[in-house]
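Hi,

Here is the structure I promised to pass on. Have a look at it first, and my notes on what turned up follow below.

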Amino acid sequence: MRQRLERAGGADELGINELLLAFGVRKATPSARRGVENRLRVAGILVDPPLESANRHTRVRLELIEPPGDGDLRAAAEEALAEARALRGPQLAKAIREATGVELAEARGAVRTLERAGDIVTGREDGRKVYRLPAPDPFAVPVPDEEVEPEPIVEPEPEPEPEPEREPEPEPARVAVAEPEAEPEPEPEPEPEPEPEPEPEPEPEPEPEPEPEAEPEPEAEPEPEAEPEPEPEPEPEREPAPLAAAVADFTAALPRPSLSEARRWASNVLAVAGVLLVTEAIVTVLWKEPFTAIEASQSQDRLSSELRHASQAEALKQRQWRDIAAEQNRHTRLVRRLQYLAHSLNSSTAAKKALGRIAIHRIGIDVVFVQGTGGSSLDLGPGHYTQTSLPGEGGTVGIAGHRTTYGAWFRHIDDLRRGDGIVLTMPYGRFTYVVQGHHTVPASRRHAFDGVGYDRLVLSACHPLFSASHRILVEARLRRTVPLGAAKIDVHRGPSQPPPAAKPPPANAPKPKFKLGNRDLSQGSTGDDVRAVQSILHVQVTGYFGPQTVKAVKAFQKSHHLPAVGRVGPATRKALRAAHR
């Protein structure tokens with residue numbers, strides 16, 4: 001196969017079946033494919049893709065590589081043993097495989113071959129057979145590497161006579177320790193000369209044995225070691241010394257600067273600012289952010305004054321009084337008064353304006369809440385979600401608040417427990433809610449304020465502290481209602497009294513135009529067509545199709561004998577246009 005690849009330029013492609021048949025494999029089992037791939041790898045042939053993952057249509061690329069030789073295997077084994085000192089057979093074979101890329105079976109065979117050749121020796125450790133490198137030859141230790149190289153002179157091997165003559169060679173080995181520097185050069189010269197000439201060399205060598213006494217010669221040799229005299233190359237080191245001295249003299253000559261009054265003042269200011277910042281951070285963590293809390297407290301004073309004026313101005317219109325007076329049930333009249341007043345306040349109050357007060361005895365707050373939940377609204381106090389009801393309208397009331405800044409009114413909202421009371425005081429009534437529980441939802445959660453079939457209050461705040469990833473929702477159910485202001489006035493017209501005739505509008509009075517459009521509307525829809533529906537149904541005009549709009553649409557559909565689905569489709573849209581005419 002290698003010859004074929006060499007003729008093809010080092011690489012070729014074969015079908016998988018053709019390759020297996022070349023090795024006499026007729027049944028392409030996984031084990032047979034692995035065997036063929038191992039034989040190719042050992043022969044120095046790279047296979048791509050692996051034969052185990054190839055199918056019968058795959059073309060396999062074969063490429064010549066240099067197979068690891070015995071020297072590579074021995075070097076890998078010596079390197080592993082030199083690092084670990086002792087390894088068991090499987091460990092040594094695994095190290096050889098990782099270093100050379102051969103198969104594990106070939107690596108095991110290499111271990112056995114190295115053991116037989118004496119390149120590695122065996123021993124016992126913890127009762128197990130281990131492999132180690134052989135101990136070094138003690139006689140070869142003093143001989144430098146450069147002189148050991150001439151020892152393997154192969155020339156005397158064919159002549160048995162010079163072999164005994166090598167026995168005295170250990171003597172020069174002792175002399176070689178002192179002569180390596182003086183006589184390494186003449187040694188290569190006698191090698192090309194005839195063998196008789198090296199024989200006289202050992203004869204003078206015994207004479208130089210006294211030469212060790214003349215070891216002053218190496219003392220003369222250190223004379224070149226006088227070259228370390230450049231070691232007094234402190235001269236370059238002396239160069240910085242004058243420079244350092246000059247710098248020292250220059251700095252000593254300079255007048256020592258003294259801190260001016262301005263610099264001392266600036267340093268004091270910075271120190272005080274640092275202390276204040278650290279103090280603010282500690283206070284924010286333990287209590288709330290103090291500076292924005294002062295600003296929120298000032299805003300609360302202004303909002304309280306606004307709320308008092310709103311309470312005095314709140315009143316029902318004459319038409320509303322007549323509608324309420326027609327009701328026979330006293331409770332129904334109260335509910336209608338609250339609905340009218342709540343709806344009027346919700347639709348007429350702009351963002352950041354006072355709506356009412358929220359008091360929670362458990363967490364110690366009694367503050368004014370405003371219309372809207374935008375950033376600027378929540379900076380003044382808790383904010384009312386405009387797409388939710390106000391107390392008295394029916395449905396869900398939603399209020400949000402900060403937990404760390406601008407008063408941090410809802411900081412301890414998670415301390416509320418089942419049965420705790422929450423009181424909302426509006427210009428037209430006082431509403432007491434009882435906490436049912438709280439839970440945490442993601443910040444992206446929608447429809448958290450949908451209707452549930454009864455009047456309730458939902459408080460919302462970021463959770464956990466110093467994070468806006470989730471929201472904590474506290475749910476409370478309406479328990480008691482006390483009318484205040486205009487809602488306390490009860491006017492009832494008996495059944496014998498006919499209702500006053502309504503004054504017809506002027507014939508030339510223009511009718512308001514609403515653009516219902518042709519779009520189907522459902523909860524979550526927004527736009528001018530939603531505002532048109534809310535205006536026709538007398539719902540707070542927000543442009544958002546929320547729970548209150550759904551409730552009003554269902555009531556309209558029931559009264560017009562349409563399926564009460566809470567969505568505005570073609571039939572409901574037609575009925576709305578007819579009702580508006």
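Strand S8 (residues 365-371) is largely enclosed by the rest of the structure, because six of its seven residues are buried. Buried here means under 20% relative accessible area, exposed means over 50%, and partly exposed is in between (1.4 Å probe, protein chains only). Helices (H or I, at least four residues) and strands (E, at least two) are DSSP runs, numbered from the N terminus.

Before going on: this is a predicted model, where local features need pLDDT of at least 70 and side-chain atom pairs count only at pLDDT 80 or more, while totals for chains, interfaces and linings use all residues. Residues are numbered from 1 along each chain as its sequence is written, and side-chain values use heavy atoms, with hydrogens and water left out.

Back to S8. Strand S7 (residues 354-360) runs antiparallel to S8, with six bridges joining them; two strands pair if DSSP finds at least two bridges between them. Alanine 359 has aspartate 366 in S8 as its bridge partner. S7 and S8 make a hairpin with four residues between them, and glycine 364 in the turn has a positive phi of about 70°. S8 also runs parallel to strand S9 (residues 383-384), through two bridges, and valine 370 is opposite glycine 383 in S9.

**Salt bridges**

The whole structure has 11 salt bridges, counted where a side-chain nitrogen of Lys or Arg is within 4 Å of a carboxyl oxygen of Asp or Glu. Arginine 362 is in the loop between S7 and S8 and aspartate 420 in the loop between strand S10 (396-400) and strand S11 (421-426), so the pair ties together parts 58 residues apart in sequence. Aspartate 420 is buried at 11% relative accessibility, and arginine 362 is partly exposed at 48%.

Another is the pair aspartate 528 and arginine 531 (3.0 Å, N to O). They are three residues apart in helix H19, separated by about one helical turn. Aspartate 528 counts as exposed at 57% relative accessibility, arginine 531 as partly exposed at 36%.

**Pocket and cavity**

H19 comes up again in the second largest pocket, where the elements giving two or more residues to the lining are helix H16 (318-325), helix H17 (330-348), helix H19 (528-536) and helix H20 (547-559). H17 gives the largest share, seven residues. The pocket holds about 900 Å³ of space. It has 30 lining residues, and the closest to its centre are His343, Leu537, His538, Val539 and Gln540. Domain 3 (294-487) and domain 4 (525-580) both contribute to the lining, so the pocket lies between them; the domain bounds come from an automatic or database domain assignment.

There is also one cavity of 30 Å³ or more in the whole structure. Its lining is Leu390, Pro391, Gly392, Gly394, Gly395, Val397, Tyr433, Asp455 and Leu478.

For the terms: on a 1 Å grid over the protein atoms alone, a cavity is a set of points where a 1.4 Å probe fits but cannot get out, and a pocket is an open set with protein on both sides within 12 Å along at least five of seven lines; lining residues have an atom within 4 Å of a point. Grid points are joined across faces, edges and corners, and a volume is the space filled by probe spheres set on the points.

Cheers
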